[in-house]
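The following exercises concern a predicted model. Please inspect the sequence and the structure before reading each solution.

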Protein chains: 2
Amino acid sequence: MRVFVRKMSQIIPDLPEGPLDFYRKKASFDWKKLKVFLDTEEIVKYQNDVHKELQKLSIFKPNIHEGTFDDFRHKSTMQYLHYGDIDLLKMENQFEDLKRPYAALRTMFQLTPSSQIKHSVGDNLFTGVIRTMGTERHQHYADDSADAKIFGCFCLTEIGHGTNTKGMRTTATYDKKKKCFVFHSPDFAAAKCWAGGLGQVATHAVVFAQLVIDGTQYGLHTFLIPIRNPEDMVPFSGVTVGDMGEKIGLNGLDNGFLMFDNYEVSRECLLNKIADVTEEGEYVTPFRDPKKRHGASLGPLSGGRVNIAGVCEAFGSKALTIALRYAGVRKQFGPGDEEVPILEYQTHQHRLIPYLAATYVLKNFNTFFVEKFFQMQLDSIFGNNKNIGPDLGIEIHAISSGSKPLAGWLMMAAIQQCRETCGGHGYLKASGIGDIRNDCDANLTYEGENHVLIQQTSNWLLKFWPQILKREKIATPLESANFLSNGLDILNSKFSCRAEEELRRPENIMSMVQWLVVYLLKETHAKLENFPKDETSQFWAKNNIQVYYAKDLAVAFIEHYFLKKMLETINQSPDGNIKHVLERIFSLYGLWSLQKHTTVFYKGGYASGPNITDFIQNQVLKLCSELKDDAISLVDVIAPPDFILNSVLGHSNGEVYKNLQSAIFRSPHAMSRPSWWQDIVNWKYKKSKL
Amino acid sequence: MRVFVRKMSQIIPDLPEGPLDFYRKKASFDWKKLKVFLDTEEIVKYQNDVHKELQKLSIFKPNIHEGTFDDFRHKSTMQYLHYGDIDLLKMENQFEDLKRPYAALRTMFQLTPSSQIKHSVGDNLFTGVIRTMGTERHQHYADDSADAKIFGCFCLTEIGHGTNTKGMRTTATYDKKKKCFVFHSPDFAAAKCWAGGLGQVATHAVVFAQLVIDGTQYGLHTFLIPIRNPEDMVPFSGVTVGDMGEKIGLNGLDNGFLMFDNYEVSRECLLNKIADVTEEGEYVTPFRDPKKRHGASLGPLSGGRVNIAGVCEAFGSKALTIALRYAGVRKQFGPGDEEVPILEYQTHQHRLIPYLAATYVLKNFNTFFVEKFFQMQLDSIFGNNKNIGPDLGIEIHAISSGSKPLAGWLMMAAIQQCRETCGGHGYLKASGIGDIRNDCDANLTYEGENHVLIQQTSNWLLKFWPQILKREKIATPLESANFLSNGLDILNSKFSCRAEEELRRPENIMSMVQWLVVYLLKETHAKLENFPKDETSQFWAKNNIQVYYAKDLAVAFIEHYFLKKMLETINQSPDGNIKHVLERIFSLYGLWSLQKHTTVFYKGGYASGPNITDFIQNQVLKLCSELKDDAISLVDVIAPPDFILNSVLGHSNGEVYKNLQSAIFRSPHAMSRPSWWQDIVNWKYKKSKL
């Protein structure tokens, strides 16, 4: 045991002594041991090595005062170029241990989200599309991209169309004589937009356009075309391309727009793995059903959604580290003359600790899910997935369509609470929380607007209802829906806790969530059945079952899966203390989530009377209170190092006031008189002289 | 009738024709008539005149691209100086009609929040403190301030203490020999901070410091001291003052910090209306109880809270105007080939329309409440309030301590929904929503952190419980708590709606909210009674009844008052159409708010079974759907003119795509190659040469 502890001290440095020791000494568990348990020793070492590499490069030194918009954009681009050179962050190196991609993603999104997106788009998505949609003739683009000779972006969304991908209006018309495609944007609403990297740095673009041959439309197809000259970055004639301008966040990333004025590109630009046009203008595809071809062409996007739940957790962990460390140091009021840390207050605990629990549960899910996703990708590339069939991909799609929205909503709410619980000082840019919120905000929208995307999850679940009625065995590759096999029994269960303390037991929480999912599935299905079966009615039916039904169903289902994965991890705990604190986290997240659905328990007859409400409320408050002494050590486990956290309120030394003083004093306009001071001297008098 | 309509067209210009006509033509009411009804003809004219004045001055032209932090700060300061010259905005002019202050506040917070705060602090709060706390010897400061010879700020908060005002550590020690006060800050945690205008423009400061005479502490007192030389803006020796640096929002405002190093100021700097120190160092005060003196010295702050609920509404109205106009124009998906506006979707309606209803209810409350507050102030100045006594002030304090937090939470949530429902384009800075969110965010914190402040409301309500038990008549000046007279009968009432349609009736909604308030009052009181009566226990008791009890009680009470005031307005509707749409707004806000408390109805035995949940949910969705064709005209009523709204998505012409094109094309870095383009050409090759 002593050997084990010494080893951990070697790979995880001690945190500086200071005001946070008050809580750190109270922790019920060994935070280094928990970190190694959750992340694995290999990943902790990998992350340490990545941190060392990053710290060597001055371009990654955080700077609170970024200068102008253009300075920030430039710096962000240089960061992107530099970390393309860090070997440990390269895909092939990440794939040595499939827990690495999530670890790398977390670190880079916490340090430089804009450059990380540029990297994801230019290096992963662009080459991924070439691999999945292109053929031999496109391979050289991937090589040039790896050699940083070109930069490729991904253009799907148009100004007038985002979520409804089929409605895109950019056309690629085949010209038989010239043997080329002619790209055209009918108007600005059809301009491609939002593509990351398109604004300033892209030389090539993957473009989704409606294929037209001889006046016949063949639907959306994928093309790879040059847009700017890589030698001088000047756009080609026929291409109007530019930057979308300042955004709420992520301003290091150059999101762009792109329009075509009868722009001609040779026939080979069509990414022709799933459909081709011959020189003579004949359309060839193995897909008979255009819907399936359309689906296949959007396949590369699902990785984004899997990752985004991780991105949200990365942002949430940062914000909670800041807010909880601040809460452990900031004192205000007290029973006598002595003031107490604000973390001691019930309200403060209730505002933050459930989100801390949610972050743990989410991180645990992501660790599993991102690894699973990359495993599936590798298996697909190496042909190891012949016996699995498409079910795994479909289940990953269904889960990620729900986990991405839920993660986004949870973490945005967490970040907002962190901002508010840090009071006025949380409103300083130097607190870091404003940037975290502004950057995280985009996750609710890109790669599928949350409210639209989550319909994919409920649609998938609704298909199980007939099987449930027939008591058929339901077994999905990731086992997320297996419990539905007992759907009818679950539906007949009732709230059975007689004492408050029973409620927090994992089996009771799981029973309650399972009832919730099955009940909402039954009700949602019944709502849908009420509508006529014609296309128009069904279109509106799908829309009119969302609020209170389909969306809540999807959310409850994902909550159930989060809890299930957490329980599997708890059962492997290396010691009793760790098991105990993780169980509290599990129970708090579970009950706090269930609480939002309490009305459904009453409505559906699962419970009546005050007990269920009282029990849940009391247990949520108790668990918050039980976890408050562990809260600082719990954030130490998930916190990035200080150079990445970059917050005056959240530094691991807990010296909030010293850090504030230093940050405020060194800010550029802190103590110098403004250059325009003469404008404010005796204004009235001067004005009368005008 | 025709004459009336023509008159309204004269004072309210028509909105431009365009894509929004689709919904504008469907509206069930005359939007101009509703505007005149809610605002009064006088206020509409007043606002028009203010708009005209503002448009004459180029400094108020909005600019999406503000340049550097310092440029923005400078511009904001110049705006402040200029609008001090707009006669209509002067206090004496506003007081001609007590509906004007809210109208002016709304406009200025929507146009230039940073300069408005500078104005509120420097021109209203500073002079207000002189009037209420100072004596004849301080009057010349108010005159100099009005003449813009000096600028005064208000320094209460310290780096280490905000909400707990009694914990402030800056000292003012009387030196009998020199007959002066010596100001001193023991360390940076005791630095005054966050004061608006202190960072760069203040020459004088109202400073709260612990008074010390001969080693004896006399508690917090208020001083008015010079800090910078008004001739050259250089700080006086012994004063360290500066700007706090970049913030999440409101960056036009120079929030500052202030430290003293044994800084001497003559004895007259004490604002000596409620306590004085004689030349010989004798302490004189008419207040025997230091707590009461402390309370009196913080009196001038309550106006801020009354106004902030209005500020939140001003921000929320802007965001909802943007999001709803966008929702009326943006099309995506549809049952056939034709796409439908996203406002047609149930989810979209449910995400936005309840917040629109909340904004109407809040605006109606503010119109009443701000006027009432200023009336009380005027009565106090002119001595007209002798027969009212302190009860009105106490009730205004209790209500504003709850309405400020509730307004802030509601409107921040509304703004976030607006950001998300505008999808990717809502993430553009040009949408305006990011700045609205960042600026509004501060309302949750300043002038009393929301969760701490709202305890004042529940504390006030708890005092009524013994009266309720004795069935005593409860009558408060603003009648907010009068219904508690029947508390015991209300507590015995049960949910009695037999049909869904009954639920939306005002009398049913009011009954439900009243039951909720009384039940939560009873339960909160019972919780409190469980604790021992010693000081320490009571301190923790007050903290440990907040979640689920005291806070929910305060929220429900304020919701009730919002609804009561709305009902009074509805009853004066000028025509049936207006009455009808306002009733829907009332019912939607009421039921949507009640929905958040549904669990309490079950728990408290007010209802059981599925009806109450089903009825509320169905009615909320129905009301959203019934209001969707009115939504555009409803935002037209509360929208600021386009030059103030300043949003590419929210312009009243509805030409979203044209406006987007124009904004994106003219943004500074849109189509020019970045100055650093050579850095991104052939990066790998260049790096290998290094």
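**Exercise 1.** Determine whether B:Thr445 is buried or exposed.

*Solution.* Step 1: the relative accessible area of B:Thr445 is 13%. Step 2: a residue counts as buried when this value is under 20%. Step 3: B:Thr445 is therefore buried, because its value is 13%.

**Exercise 2.** Locate B:Thr445 in its chain and identify its contacts.

*Solution.* Step 1: in chain B, the loop between helix H14 (433–441) and helix H15 (450–453) holds B:Thr445. Step 2: neighbours within four places in sequence are left aside; the contacts of B:Thr445 are then A:Arg419, A:Gly423, A:Gly424 and B:Lys404. Step 3: with A:Arg419, the contact is a polar one between the two side chains, at 3.0 Å.

**Exercise 3.** Describe the contact between chain A and chain B in terms of residues and area.

*Solution.* Step 1: chain A contributes 126 residues, and chain B contributes 126 residues. Step 2: the two chains bury about 11400 Å² between them, with 60% of it on carbon and sulfur atoms. Step 3: in chain A, the residues that lose the most area to chain B are A:Tyr427, A:Tyr548 and A:Trp676, which together make up 8% of what that side buries.

**Exercise 4.** State how many salt bridges and polar residue pairs link the two chains.

*Solution.* Step 1: there are eight salt bridges between chain A and chain B. Step 2: one of the salt bridges joins the side chains of A:Asp441 and B:Arg419, with 2.8 Å from N to O. Step 3: between chain A and chain B, 54 residue pairs are in polar contact, both residues being at pLDDT 80 or more.

Conventions. Residues are numbered from 1 along each chain as its sequence is written. Chains are lettered from A and ligands numbered from 1 in the order in which they are written. This is a predicted model: local features need pLDDT of at least 70, side-chain atom pairs count only at pLDDT 80 or more; totals for chains, interfaces and linings use all residues. Side-chain values use heavy atoms; hydrogens and water are left out. Contact means heavy atoms within 4.5 Å. Buried area is the accessible area (1.4 Å probe) that two parts lose on being put together, summed over both. A salt bridge is a side-chain nitrogen of Lys or Arg within 4 Å of a carboxyl oxygen of Asp or Glu. A polar contact is a pair of N or O atoms within 3.5 Å; within protein, one must be able to donate a hydrogen and the other to accept it, and residues adjacent in sequence count only if both atoms are side-chain atoms. Helices (H or I, at least four residues) and strands (E, at least two) are DSSP runs, numbered from the N terminus. Buried means under 20% relative accessible area, exposed over 50%, partly exposed in between (1.4 Å probe, protein chains only).
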